[in-house]
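I opened this entry to look up charged side-chain pairs. The structure comes first, then my notes.

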Amino acid sequence: MPYRAPVADYKFIFEHIVGLNQVAATEKFAEASADVTDAILTEAGRMCEEVLAPLNRNGDLYPAKVENGVVRTSKGFDGGFRAIAEGGWVGISADPEYGGMGLPIAMTTALNDMMSASCMALGLNPLLTQGQIEALEHHASDEIKAMYLPKLISGEWTGTMNLTEPQAGSDVGALRSKAEPKGDGTYAVSGQKIFISWGDHDFGGNVCHLVLARLPDGAEGTRGISLFMVPKYIPNADGSLGEANSLRVVSLEHKMGIHGSPTAVMEFDGATGWLVGAEHKGMAAMFTMMNNARLAVGAQGIGISEGAYQHALAYALDRKQGPTPVGDKSGTIVDHADVRRMLLTMKADTFAARSIGLACAVAIDMGNATGDAEWKARAAFLTPIAKSFGTDTGIRVSEMGVQVHGGMGFIEETGAAQYSRDVRVTSIYEGTNGIQAMDLVARKMMDGGEAAYRFLDEIEADVENARALCPELGDAVWEACETLRETTEWLVAQDDLNNRFAGAVPYQAGFARVLGGYYHLKAALAANGKGARAKLARFYITRLLPEHASLLEQAMQGASGLYSMSLEELSA
């Protein structure tokens with residue numbers, strides 16, 4: 001079915017929920033006026049609707065493959081990528097000095113949402129390049145910036161990140177890849193990396209790999225890791241492509257979904273690389289790219305939610321099956337109560353996840369524009385929540401989309417299952433959602449919970465005002481905030497981090513549930529308590545928000561119960 005970009009939703013959230021106007025009021029983002037952002041959203045939406053969406057099934061049915069050492073991409077993907085590159089969409093938030101638009105990350109987040117909804121497999125390519133651009137802007141030498149940034153921003157070259165190895169997944173410090181100084185300012189990089197999204201393609205240009213490896217004097221663990229730029233082709237001084245580097249695609253992974261995205265096993269055999277950042281400080285540089293990618297992956301989940309919802313709604317509006325409580329005997333399944341429940345859940349959760357993701361993006365933009373420590377702390381705190389809730393929502397909504405289709409959802413020809421298969425990886429890569437939760441309750445609470453409490457104070461001040469205007473919904477959100485505050489206090493009081501970790505995932509989910517209620521309440525108030533947005537808010541707050549109570553209760557159970565059963569009992 002055709003995809004319709006939810007441009008009106010972005011505009012509403014920017015204006016009434018997350019306050020993009022405060023970003024535009026800064027000197028750094030002064031050009032991000034409402035007129036400019038509206039035009040950008042409209043044009044990006046049109047490209048996703050008309051160019052990318054028709055390619056989505058091609059990527060699933062005709063996966064990328066390796067032929068004689070060359071990666072061949074899915075039918076039409078080369079033209080789709082050219083449309084992305086020529087539209088300037090790769091560098092939407094990149095530095096104008098090197099050819100970028102210099103727009104807020106909030107705009108890039110909306111773009112990644114739309115590209116993922118229309119064709120996630122292809123949209124993953126520029127998403128990775130965007131992260132590499134940011135890493136180079138912050139950590140690379142002037143020479144590397146001058147050589148690589150203009151071509152990455154224009155889409156002439158594309159970027160990847162190479163972290164994972166067969167024996168070193170989330171434990172990056174266990175990597176074995178090595179880099180030997182060659183005496184001329186370059187390094188010979190050797191090792192094997194797995195799960196490298198868009199490790200190669202046939203679009204032309206260069207594929208620029210950021211590779212983590214250890215120098216000869218590098219200490220064990222993450223503190224001894226350095227980061228290197230290792231291109232597929234070694235650039236000449238004028239930026240033209242020189243000789244092929246000593247690297248290759250060993251194979252492509254056979255994946256559950258996103259078949260159109262070539263996920264490569266990469267082999268580096270003394271490949272020429274250039275150091276990015278300081279020696280042994282590679283993780284700091286790579287974390288810039290990873291944090292960028294975590295929000296972007298959250299946007300992938302949100303985009304898939306949108307696509308799956310639109311697909312399911314179209315089917316429900318068309319499928320006739322039995323008499324319904326409303327309408328006549330020939331009514332469609334959209335009039336059955338349980339189908340309505342599923343569709344409303346899909347729509348309400350997508351709005352909540354989108355609002356959380358864009359709130360995180362606005363916090364990043366405000367931190368970048370002002371240097372304010374509180375905005376930076378807000379952005380850091382929201383990142384794991386935005387990533388986890390966005391991707392968990394994508395998984396739940398796409399699964400529900402299959403259910404709306406009934407038996408036809410299990411038939412591949414309907415396309416419903418593709419959303420579910422494509423999105424499943426998002427809760428795993430760029431740090432599993434469990435790792436995000438551990439980060440939230442540990443590193444992000446090293447301040448004694450101050451960032452969380454400041455956020456809750458702000459929310460409760462808003463909700464207090466809303467209670468007079470919309471008491472039923474306002475009171476429910478207020479009480480949820482108080483429960484969340486009490487749970488946060490309990491977690492902060494735990495000296496044993498394992499007690500925090502044991503409840504980290506339900507806490508993260510419970511926090512997101514409460515945030516979703518807050519943003520839906522703001523939407524209802526912006527609509528003066530009337531119309532579709534107020535009705536959707538009522539649905540979320542009365543039917544979905546109550547889940548926060550059980551989640552936060554789980555979060556305070558500690559670790560002992562998880563270890564009470566012996567390994568023998570687990571295996572019985």
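My notes on the salt bridges follow.

**Entry 1: the count.** I am working with a predicted model. I looked up the total and found 29 salt bridges in the structure.

**Entry 2: Arg-354 and Asp-9.** I checked this pair and found a salt bridge between the two side chains, 2.9 Å from N to O. Arg-354 belongs to helix H9, residues 337-370, and Asp-9 to helix H1, residues 7-17, so the bridge ties together parts 345 residues apart in sequence. Are the two partners buried or exposed? Arg-354 has 1% relative accessibility, so I noted it as buried. Asp-9 has 15%; the cut-off for buried is under 20%, so Asp-9 counts as buried too.

**Entry 3: a network.** I followed these two residues further. Arg-354 and Asp-9 are linked with Asp-113, Glu-306 and Arg-533 in a network of salt bridges.

**Entry 4: Asp-338 and Arg-341.** I found a salt bridge here as well, with the closest N and O atoms 2.7 Å apart. Both residues sit in helix H9, 3 residues apart, or about one turn of the helix. I logged Asp-338 as partly exposed at 43% relative accessibility. Arg-341 is partly exposed at 37%.

**Entry 5: Arg-396 and Asp-349.** I looked up this pair last. Their side chains meet in a salt bridge at 3.5 Å, N to O. Arg-396 lies in helix H10, residues 373-404, and Asp-349 in helix H9, so the pair joins parts 47 residues apart in sequence. Arg-396 is partly exposed, with a relative accessible area of 33%. Asp-349 is buried, with 2%.

Note on methods. Residues numbered from 1 in each chain as written. Predicted model: local features only at pLDDT ≥ 70, side-chain atom pairs only at ≥ 80, totals over all residues. Heavy atoms only, no water. Salt bridge = Lys/Arg side-chain N within 4 Å of Asp/Glu carboxyl O. Helix = DSSP H or I, 4+ residues; strand = E, 2+ residues; numbered from the N terminus. Buried < 20%, exposed > 50% of the residue type's maximum accessible area, 1.4 Å probe, protein only.
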